[in-house]
Amino acid sequence: MLPRGRSRALGAAALLLLLLLLGFLLFDWRLRGAAALDGDPLAGPRDRNPSDCGPRPPPPPPKCELLHVAIVCAGHNSSRDVITLVKSMLFYRKNPLHLHLVTDAVARNILEMLFRTWMVPAVRVSFYDADELKSQVSWIPNKHYSGLYGLMKLVLPGTLPAELARVIVLDTDITFASDIAELWALFTHFSDTQAIGLVENQSDWYLGNLWKNHRPWPALGRGFNTGVILLRLDRLRQAGWEQMWRLMARRELLTLPATSLADQDIFNAVIKEHPGLVHPLPCVWNVQLSDHTLAERCYSEASDLKVIHWNSPKKLRVKNKHVEFFRNFYLTFLEYDGNLLRRGLFGCPSQPASGAEQLQQALEQLDEEDPCFEFRQQQLTVHRVHVTFLPHEPSPSRPHDVTLVAQLSMDRLQMLEALCRHWPGPMSLALYLTDAEAQQFLRFIEASPVLAARQDVAYHVVYREGPLYPVNQLRNVALAQALTPYVFLSDIDFLPAYSLYDYLRASIEQLGLGSRRKAALVVPAFETLHYRFSFPRSKVELLALLDAGALYTFRYHEWPRGHAPTDYARWREAQAPYGVQWVADYEPYVVVPRDCPRYDPRFVGFGWNKVAHIVELDAQEYEFLVLPEAFTIHLPHAPSLDISHFRSSPTYRGCLQALKDEFHQDLSRHYGAAALKYLPALQQPWSPARG
């Protein structure tokens with residue numbers, strides 16, 4: 001059973017595919033017409049790329065044949081590139097895929113989580129530790145911006161499984177415009193001795209005439225570009241590939257200071273010496289958009305384009321008279337909804353992604369006539385998660401360090417700059433975004449000097465799916481990615497006191513928290529109804545604003561019970577931390593150890609999401625200690641869609657009551673008779689003001 005809207009989404013995907021294909025045909029027609037009118041020699045057959053000529057395209061591989069693809073990826077930015085590449089592959093593919101990813105620790109952490117939560121049918125992923133391979137290439141001086149990782153394709157024959165005979169190797173800056181099975185089929189064109197399939201380099205780089213004293217590595221003619229490679233691994237191993245490339249590199253480095261184009265220079269030097277190894281591929285399988293590209297000679301004559309390669313350090317900003325078309329094509333996949341690519345391969349049985357069968361069974365058991373169907377469906381939704389979406393360089397963790405944990409959606413981005421000014425410590429933030437919004441968020445960060453300067457803020461994108469806001473799932477993602485011993489569980493529309501970060505670390509040390517004392521430190525919450533006000537620098541200033549009516553205790557007007565147990569009257573005079581008892585509906589903002597209980601993901605939308613977590617802390621015998629100098633202030637904003645539904649819909653509130661009942665049943669199973677303490681709170685009637 002497809003969830004509601006999925007069939008419409010698949011129809012939208014088919015429509016987009018049709019539009020993309022029509023766009024390519026229109027581009028090709030315009031280009032050919034312009035070339036002919038201008039008398040451009042590219043319009044005639046005499047300048048046709050030789051690699052366009054040759055045998056007719058081979059038949060595609062068997063429908064269910066497993067295709068193997070290898071990619072080297074390191075760091076945050078490269079991981080984002082890989083995802084766009086994979087989207088373009090999945091969009092067109094008709095075969096199962098096995099991705100072999102050579103990654104550093106950062107990229108593995110990102111991509112392992114992404115593929116586990118993406119749950120794409122008929123896609124297997126294997127990881128290989130790039131750090132273990134560095135010693136094999138670190139002796140090679142390399143000027144290329146890819147660094148050591150740009151040399152690692154050389155060691156793939158010895159790194160990938162010995163039983164693997166064929167693999168397609170791709171750079172991360174590749175975008176597919178056709179089914180990768182067509183590329184795989186070109187293996188059948190290899191002669192008995194050919195082991196490396198490459199497209200000719202589409203620039204004069206290896207001819208050595210780009211500038212005075214330009215001295216490239218040796219190459220056969222124009223040389224070959226290694227952004228797309230077909231490797232017969234079995235033949236390379238038999239030919240002694242490792243010894244072959246090492247001897248060639250050492251010999252050339254006697255007279256050349258370094259590689260300029262990383263592995264590509266060494267591949268070309270080997271091919272110059274052993275031309276029988278290479279099988280030239282049609283130029284359309286690697287249309288290269290470098291600064292000095294001659295790719296127009298290819299795409300002005302080709303009937304269709306297969307692979308676009310952004311092989312310039314400038315990437316999308318490269319100078320090319322047709323770059324706008326290629327850029328728009330790339331952006332289509334960059335912003336494409338990855339949820340639509342979870343479709344199966346019809347008629348091609350494959351091992352389902354981990355947990356996919358159980359998930360599908362649970363979805364099939366849902367009753368679409370149930371008034372709470374959307375709540376049930378949202379609870380079962382597995383969201384794609386892209387952790388550390390932007391470069392993240394955490395400071396060395398200290399024994400009492402604290403990470404601020406929060407979640408937000410697109411309409412709260414404007415809070416980030418102020419939050420960064422108030423909280424100088426590490427943050428772990430989960431953002432609920434569409435694929436397109438994720439790119440808007442990226443541009444938002446890049447345009448802000450305040451945000452761009454903060455490398456200790458980790459942003460984790462949870463991709464939007466379903467009608468309800470998965471607030472506790474978002475909190476759990478941000479909480480799981482915190483790296484410090486303690487976390488401050490906050491909300492994005494709160495600004496902490498300027499001194500709170502330092503004060504919390506000092507308090508944790510003074511109170512001896514940790515294994516000796518299990519406590520939740522309560523940070524008293526206040527609110528202002530004014531969009532512009534002078535933020536207090538101290539408790540004294542805050543009390544003055546409170547007395548003047550410029551501040552209130554949080555939710556004083558709507559739901560005072562949520563924070564009343566903090567005992568604000570006592571806090572006014574307190575000089576030392578004091579303990580408070582759990583009371584029904586208590587939902588303070590707290591500082592707890594990183595390994596604290598997770599939020600209950602069943603609570604989606606608005607209502608009881610924080611309350612349930614505080615109940616869990618109390619059930620696990622956390623001590624609640626209110627800090628006398630701590631405070632955080634809520635800023636006003638328009639109400640969310642979920643709170644509007646909660647206030648206006650009796651059905652919505654009824655569904656939340658059902659979730660509360662189920663929550664108490666789980667508490668009883670876990671904690672036995674001790675859970676009876678919470679039963680009266682769970683049975684209290686709802687108020688439209690409650691959260």
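I take helices to be DSSP runs of H or I, at least four residues long, numbered from the N terminus. I keep that in mind for the cavity entry, where helix α21 comes up. The model I am reading is predicted.

**Entry: overall**

I started with the whole protein. I counted 24 helices and 23 strands. Of the 691 residues, 57% count as buried. I then looked at contacts between residues at least 6 apart in sequence. Of these, 81% join residues at least 24 apart.

**Entry: cavities**

The search of the whole structure gave two cavities of 30 Å³ or more.

The largest cavity holds about 60 Å³ of space. What lines the largest cavity? I listed Arg 475, Leu 489, Ser 490, Asp 491, Pro 588, Tyr 589, Val 590, Tyr 599, Lys 610, His 613 and Ile 614. Both β21 (589-593) and α21 (609-619) supply at least two residues of this lining. Helix α21 gives the largest share, three residues. By class I noted six nonpolar, two polar and three charged residues.

The second largest cavity has about 30 Å³ of space. Its lining is Val 405, Ala 406, Arg 475, Leu 489, Ser 490 and Tyr 599. I sorted that lining into four nonpolar residues, one polar and one charged.

**Entry: α8 and α9**

I turned to a helix pair. Helix α8 (residues 241-252) packs with helix α9 (residues 263-273) at an angle of about 100°, and the axes are 9 Å apart. Angles of 65 to 115 degrees count as roughly perpendicular, so α8 is roughly perpendicular to α9. From α8, the contact uses Trp 241, Met 244, Trp 245, Met 248, Ala 249, Arg 251 and Glu 252. From α9, it uses Ile 266, Phe 267, Ala 269, Val 270 and Glu 273. I find nine nonpolar and three charged residues in this contact, and no polar ones.

Is α9 mostly covered or mostly open? It is mostly covered, with nine of its eleven residues buried. Those are Asp 263, Gln 264, Asp 265, Ile 266, Phe 267, Asn 268, Ala 269, Val 270 and Ile 271. I checked what they pack against: β6 (196-200), β7 (224-232), α8 and β8 (278-281).

**Entry: α13 and α23**

I looked up a second pair. Helix α13 (residues 373-380) and helix α23 (residues 650-671) cross at roughly 50°, and their axes come within 9 Å. The two helices are therefore oblique to each other. Phe 375, Arg 376 and Gln 379 of α13 make the contact with Tyr 652, Cys 655, Leu 656, Ala 658, Leu 659 and Glu 662 of α23. I divided these residues into six nonpolar, one polar and two charged.

**Entry: positive phi**

I noted two residues other than glycine with a positive phi. Ala 262 has phi near 55°. It lies in the loop between α8 and α9. Buried means under 20% relative accessible area, so Ala 262, at 1% relative accessibility, counts as buried.

Glu 621 has phi near 65°. I placed it in the loop between α21 and β22 (623-626). Is Glu 621 buried or exposed? Glu 621 is exposed, because its relative accessible area is 66% and exposed means over 50%.

Technical notes. Residues are numbered from 1 along each chain as its sequence is written. This is a predicted model: local features need pLDDT of at least 70, side-chain atom pairs count only at pLDDT 80 or more; totals for chains, interfaces and linings use all residues. Side-chain values use heavy atoms; hydrogens and water are left out. Axes are lines fitted to C-alpha atoms, for helices over the stretch in contact, and angles run from 0 to 180 degrees between N-to-C directions. Angles under 35 degrees count as roughly parallel, over 145 as roughly antiparallel, 65 to 115 as roughly perpendicular and the rest as oblique. Contact means heavy atoms within 4.5 Å. Ala, Val, Leu, Ile, Met, Phe, Trp, Tyr, Cys and Pro count as nonpolar, Asp, Glu, Lys and Arg as charged, and the others, Gly among them, as polar. On a 1 Å grid over the protein atoms alone, a cavity is a set of points where a 1.4 Å probe fits but cannot get out, and a pocket is an open set with protein on both sides within 12 Å along at least five of seven lines; lining residues have an atom within 4 Å of a point. Grid points are joined across faces, edges and corners, and a volume is the space filled by probe spheres set on the points. Buried means under 20% relative accessible area, exposed over 50%, partly exposed in between (1.4 Å probe, protein chains only).
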